[in-house]
Amino acid sequence: RLVSDWSSDVCSSDLIYERDLDILGPNSLFGLLATTRTGPGERGLARYLLDSATYEETLLRQQAVKELLPQTELREKIALLGASSFQQITASFFDDWLADAPPSFHPGFRIAILITTILNIALLLTGFTHLFTWSTIFPNLALTLCIQAATCLVLRSRVMPLLTTSARLQQNVRLIADGLALMQAATFNSAKLTHLQRASREPIGAVKLLKRLEGHLTIVEQRNKEWYFALSLFLAAGTQTAISIAAWKRKHSDAMRSWLAAWAEFEALNALATYAFEHPTGDPENTWPELLPLTHAPMYEARQLGHPLLANAVTNDVSLGLEARFYLVSGSNMSGKSTLLRSIGINAVLAYAGAPVRAQSLRITPLALGASIALTDSLAEGRSKFLTEVERLSAILNASAAKPVLFLVDEIFSGTNSEDRRTAARSVLEKLLANAAIGALSTHDLALTDLATPATAGLNVHMA
């Protein structure tokens with residue numbers, strides 16, 4: 001199940017590169033990697049692909065993925081969690097459920113319902129065992145049922161919204177509880193995985209409490225079935241369960257957020273390990289990237305770099321940062337200029353997520369990604385393609401002021417005349433280089449090739 005709206009739910013980095021590099025949505029990097037089983041796991045993977053990570057965090061991710069790589073049995077058990085993938089709900093559904101403050105119930109209501117329920121059962125038993133005649137039992141049973149019904153009606157406005165929002169959770173809570181049990185039972189050595197194990201046990205063990213919540217949710221689910229409906233009314237099962245769920249939420253909501261975050265990140269790492277297993281680094285097409293520290297000058301150096309979404313991709317060597325700070329890529333239509341830019345960017349995303357890359361080798365420093373490749377106009381928003389490009393380049397320039405950027409710009413300022421394009425492109429490029437950025441620009445306009453000179457540390461390359 002591919003997710004097309006993570007960009008509004010995860011972070012704002014899609015303004016810089018998400019759509020341009022096909023990170024999310026159909027036919028995307030996310031679609032290639034998404035072997036997750038839950039909505040929180042999907043969001044965890046999307047965040048790995050969209051959120052910028054520190055050098056230390058990237059190393060921790062790669063170590064965790066390498067440790068998960070040989071654990072085939074664990075991956076298979078996770079893949080088989082749950083009865084059906086169609087029962088999956090989004091992470092935002094959990095967020096909304098946890099954010100919705102549970103109603104409060106006076107303890108007297110629960111005591112009253114419990115007493116009337118016990119009396120109802122006791123009266124029926126005395127009738128079936130012939131301790132009393134039914135003529136004696138029926139008036140008393142009617143009285144207790146009326147008291148119980150009146151109490152439930154008083155609470156109905158608070159009970160029904162909680163039952164309605166909780167009805168879809170049962171299978172998913174069971175799935176996550178079973179997944180956390182698998183994670184807790186495993187033995188890990190890497191710092192990232194042991195940290196996630198601890199998070200799933202704090203402040204108290206997740207599995208036991210989630211199983212308790214699952215029991216309450218099972219009653220909510222069964223209430224809608226014909227065979228259980230009458231019994232549910234007789235026992236006031238819905239009201240009693242709603243009171244129990246509300247108490248559970250008040251006590252454990254914060255802990256559940258922590259458990260979901262731990263599971264989401266673990267699922268993301270497991271999905272990357274699955275990708276690594278299916279794309280072994282022993283072959284010449286895939287490798288683990290070498291992550292260079294921040295103290296190193298900005299660098300992106302790759303041999304036989306290809307696009308991970310393309311079968312039999314044409315590969316290229318790319319060396320940015322030492323001798324050439326940027327490439328100016330010229331060439332005809334359909335020669336592969338845009339694909340080269342996307343290959344550079346999408347492999348950087350894989351590297352920072354902790355996964356292998358589609359290359360024979362890759363050495364890369366921590367870089368923020370900024371891409372201007374797949375821009376469109378918008379009549380609804382009153383924005384031309386040129387304005388959209390100006391705003392995107394402005395965002396990339398702003399990002400370069402905070403940390404080194406890997407910029408990827410396709411057909412820079414294609415919507416204006418050659419002279420204005422050259423002037424504007426030179427201005428943008430000078431600012432990016434002043435901020436220690438590296439990257440590549442493509443163009444059909446050969447007049448722009450004079451921007452790449454030894455003085456600007458640029459290199460003209462051509463694709464035919």
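Modeller: The buried residues of H3 are Gly39, Pro40, Gly41, Glu42, Arg43, Gly44, Leu45, Ala46, Tyr48, Leu49 and Leu50. That makes 11 of the 12 residues in H3, so the helix is mostly covered, where buried stands for a relative accessible area under 20%. The model is a predicted one, and what follows describes that prediction.

The length of H3 can be checked against its residue count. At 1.5 Å a residue, a helix of 12 residues such as H3 should span 16 Å, and the C-alpha atoms at the ends of H3 are 16 Å apart, which agrees.

Next comes the packing. Two packed helices are described by the angle between their axes and the distance between the axes. H3, residues 39-50, packs with H13, residues 237-278, at an angle of about 65°, and the two axes are 7 Å apart. Angles of 65 to 115 degrees count as roughly perpendicular, and H3 and H13 are therefore placed in that class. Their crossing is right-handed. On the H3 side, the contact is made by Pro40, Gly41, Gly44, Leu45 and Tyr48. H13 contributes Leu260, Ala264, Glu265, Glu267, Ala268, Leu269, Ala271 and Leu272. By type, the residues of this contact between H3 and H13 divide into 9 nonpolar, 2 polar and 2 charged. An α-helix has 3.6 residues a turn, so residues three or four places apart point the same way. Pro40, Gly41, Gly44, Leu45 and Tyr48, the H3 residues in the contact, are also listed among the buried residues of H3.

Now the loop residues. Ser190 sits in the loop between helix H9 (170-185) and helix H10 (191-201). Its relative accessible area is 8%, so Ser190 is buried. With neighbours within four places in sequence left aside, Ser190 is in contact with Gln63, Ala64 and Glu67.

Met334 belongs to the loop between strand E4 (326-331) and helix H14 (337-353). Its relative accessibility is 87%, and Met334 therefore counts as exposed. The phi of Met334 is near 60°, a positive value in a residue other than glycine.

Ala457, in the loop between strand E8 (438-443) and strand E9 (458-463), has a positive phi of about 60° although it is not a glycine.

Notes: Residues numbered from 1 in each chain as written. Predicted model: local features only at pLDDT ≥ 70, side-chain atom pairs only at ≥ 80, totals over all residues. Heavy atoms only, no water. Axes fitted to C-alpha atoms, helices over the stretch in contact; angles between N-to-C directions. Helix = DSSP H or I, 4+ residues; strand = E, 2+ residues; numbered from the N terminus. Parallel < 35°, antiparallel > 145°, perpendicular 65-115°, else oblique. Left-handed = near helix turned anticlockwise from the far one by under 90°. Contact = heavy atoms within 4.5 Å. Nonpolar A, V, L, I, M, F, W, Y, C, P; charged D, E, K, R; others polar. Expected span 1.5 Å × (residues − 1). Buried < 20%, exposed > 50% of the residue type's maximum accessible area, 1.4 Å probe, protein only.
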